[in-house]
Amino acid sequence: MRYLIAETDWTLMTLAAELAANGTLMTRTDRIEDIPHFMRHGEADLLIVAADQLGPRGLSLAAIRRAAPDMPVALVTPRPTPEQIAALLDGGADCVLDSARPAEENVVTLQAVARRSRGLGRPQILHGPLRIDLLTRKAYLLACPIKLSPKLYELLEYLALRPGRLVTRSELLSHIYGLENEPDARVFDVYVCNLRACLAAADGAVDIETVRGSGFRFAAADLFTPIAA
């Protein structure tokens, strides 16, 4: 998953460092006014901003919700009162984090909010013989670990979170490379070829289809059953 985070103070910078340490993809900016730009030009699974950055500079929860109604929003503020939390949640936030809490504790909360927006009650994606552990960022086929590079893992996770949906190469570039140092989009043809080889032991129970001229689609025999464990 990819988070969009505004590192406008030391607390947010520390939180971003904690997220980066566990492999989370992030689009990072130190300017709150850049958030609308990133929301327009890149897909994110979660937005993280300091609560005190909303309002005075023209960015509001209402504007965020209009721009990305389905994107979870996490606000960070020091020692929020119950009244403050209620007001922020009523205004459109999905969670309010206390910046005084340990960063690792807030990371777990953010992971839960992001995955539940994808319909996952637990940090796993299950499709027949395929299991993807979102916390350890590892995939297993027929209970055996699959050796994946970070890029191949991100590709598999992104597609498996959107089973049956056509995913374009542009979407994959935005998610995996975050609008920075983007290679030619045809690199994903190579990635998908390698990923198919990794999934060959599933004997067709899970596969990645190429839609000529459009992109890719994750296919699984159990698409009519819930993907969450």
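A: Leu142 is found in the loop between E8 and E9. Its phi is near 55°, a positive value in a residue other than glycine. A word on the labels: helices (H or I, at least four residues) and strands (E, at least two) are DSSP runs, numbered from the N terminus.

Some ground rules come next. This is a predicted model, so local features need pLDDT of at least 70 and side-chain atom pairs count only at pLDDT 80 or more, while totals for chains, interfaces and linings use all residues. Residues are numbered from 1 along each chain as its sequence is written, and side-chain values use heavy atoms, with hydrogens and water left out.

Now look at Arg137. It sits in the loop between strand E7 (130–133) and E8.

Rolling a probe the size of a water molecule over the atoms shows where empty space is left. The search uses a 1 Å grid over the protein atoms alone: a cavity is a set of points where a 1.4 Å probe fits but cannot get out, a pocket is an open set with protein on both sides within 12 Å along at least five of seven lines, and lining residues have an atom within 4 Å of a point. Grid points are joined across faces, edges and corners, and a volume is the space filled by probe spheres set on the points.

Take the second largest pocket. Its volume is about 160 Å³. The residues lining this pocket include Arg137, Lys138, Ala139, Pro145, Ile146, Pro150 and Tyr153. Strand E8 (138–141), strand E9 (144–146) and H6 each supply at least two of the lining residues. By class, the lining has six nonpolar, two polar and two charged residues. Here Ala, Val, Leu, Ile, Met, Phe, Trp, Tyr, Cys and Pro count as nonpolar, Asp, Glu, Lys and Arg as charged, and the others, Gly among them, as polar.

Arg137 turns up again in the largest cavity. The whole structure has two cavities of 30 Å³ or more. The largest has a volume of about 160 Å³. Among its lining residues are Met1, Tyr3, Gln111, Arg115, Leu135, Arg137 and Glu157. This lining divides into four nonpolar, four polar and three charged residues.

Next, follow H6 to its partner. The axes of helix H6 (residues 150–160) and helix H8 (residues 187–199) come within 10 Å and cross at roughly 80°. Axes are lines fitted to C-alpha atoms, for helices over the stretch in contact, and angles run from 0 to 180 degrees between N-to-C directions. H6 is therefore roughly perpendicular to H8. Angles of 65 to 115 degrees count as roughly perpendicular, under 35 as roughly parallel, over 145 as roughly antiparallel and the rest as oblique.

Which residues meet? Lys151, Leu152, Leu155 and Leu156 in H6 touch Phe188, Tyr191, Val192, Asn194, Leu195 and Leu199 in H8. Contact means heavy atoms within 4.5 Å. This contact has eight nonpolar, one polar and one charged residues.
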